[in-house]
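Visitor: I'd like a close look at one part of this model, please. Can you walk me through it once it's on the screen?

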Amino acid sequence: MTYFISVFNQKGGVAKTTTCLSLGGCLVEMGRTVLLVDLDPQANLTASLTLLPRSLTCTVSDVLEGKATLLNASQRTTVMGLNILPANASLALLDRALYQSEAYEVRLKNAVSELNPALYDYVLIDCPPSLGPLTLNALTVANLMIIPTQAEYYALKSLENVFVLVNLTRRRTNPGLRYRVLVTMYDRRNAISGRMLERMHDTYDNALFNTVIDIDTKLREGPLQGKPITVYSPSTRAAQQYRALAKEVMEYE
Ligand SMILES: Nc1ncnc2c1ncn2[C@@H]1O[C@H](COP(=O)(O)OP(=O)(O)OP(=O)(O)O)[C@@H](O)[C@H]1O
Ligand SMILES: [Mg+2]
C-alpha cells in the first residue's frame, strides 16, 4: 500500500520543501520507492531536482485538471527510486480557478486512486504556504501531515491556524488524518530555542516528532546541485537527522 504524507505549514520558509526532498532521499536510501508531488506554484521542489519548471509541458496542473494521468506526468530524478510529479507557475492560476469548481478538494485523491498501490511505498506532497484549494487537496489525500516549524514564538502562534485546518479537513473530507509537528532549523547555541522546545513538548506532547532538525547550511546547498542531502552530503548531521525522521515516519504506518 502507498502511504501519503503531506508537508504543510501556512507559514513560509519553515523547511516544507527541504523536508520533502530530504525525507524522500532518506526513504529511498532505505530501499523504499517514493513519489514527490510538488503542489506549490513556486515550484521549488521541482527546481531543486534540476528540472526547469518553465520548460515543462506536463505537470501536476494537468493531472488536477484531468488532462494527464499521474503516471504520465511523473518523471524520474537522478536518484534511483525517487520520482517527481513536477509543478510550474500554471499551478497558481489553477489554484484560483479551483475555488469555483465543485468538489475541488478531491481532485488529487481521484488522480491517485488510479495509481497501482505497489508502485510507490510513499507519496510526499509539498504544499504551498497558504490555506487554499491546493493545500486542501493535499490534506484530503494524506495519511499523515508533517508540520515543520521553527521553535520560535511567532512560528508557534501560526500553528493555531494549521490545527483549525486539520479539524476542518477531518470533518469534511478525511476523518483519519493524523499529524505530527517537526522542529526545523533548530539553533542549539541559542538558549531561547531550548526553552521554546521545552514549551512545545508540554503543549504538543506526543504530536511532536522526537527528531529535531538543526540548522545546517548543507541543506541550503543541496538544491543548488539538484540533490537531496543524502546524496549531496550523506554524512552531515542534517542527513543523519532526516534519517532519524524517516525511521520515525516508518513507525507511524
Ligand atoms: N535545517 C536547515 N538549516 C539551514 N537552512 C535550512 C534548513 N532547512 C531549510 N533551510 C533553508 O531555509 C530556506 C527555506 O526552506 P524551504 O524552502 O524548505 O521552506 P518552505 O517552508 O518550503 O518555504 P515556502 O513556504 O516558501 O515554500 C531555504 O533556503 C532552505 O535551504
Ligand atoms: Mg516550499
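Visitor: Does Asp214 count as buried or exposed?

Guide: Asp214 counts as buried, because its relative accessibility is 3%; buried means under 20% relative accessible area, exposed over 50% and partly exposed in between, with a 1.4 Å probe and protein chains only. Quick ground rules: this is a predicted model, where local features need pLDDT of at least 70, side-chain atom pairs count only at pLDDT 80 or more, and totals for chains, interfaces and linings use all residues. Residues are numbered from 1 along each chain as its sequence is written, chains are lettered from A and ligands numbered from 1 in the order written, and side-chain values use heavy atoms, leaving out hydrogens and water.

Now to the partners of Asp214. Side chains of opposite charge can pair when their charged atoms come close. Here, Asp214 makes a salt bridge with Arg188, with the closest N and O atoms 2.6 Å apart. That pair ties together distant parts of the chain, 26 residues apart: Asp214 sits in strand E8 (residues 208-214), and Arg188 in the loop between strand E7 (178-186) and helix H9 (191-204). A salt bridge means a side-chain nitrogen of Lys or Arg within 4 Å of a carboxyl oxygen of Asp or Glu. Helices (H or I, at least four residues) and strands (E, at least two) are DSSP runs, numbered from the N terminus.

Asp214 has another partner in Arg237, with 3.3 Å between the closest N and O atoms of their salt bridge. Arg237 is partly exposed, with a relative accessible area of 47%.

For contrast, here's a local pair. Lys218 and Glu221 meet through their side chains in a salt bridge of 3.8 Å, N to O. Both belong to helix H10 (residues 218-221), three residues apart, about one turn of the helix. Lys218 counts as partly exposed at 30% relative accessibility, and Glu221 is partly exposed too, at 28%. Back at your residue, salt bridges with shared partners join Arg188, Asp214 and Arg237 into one network. A search of the whole structure turns up eight salt bridges.
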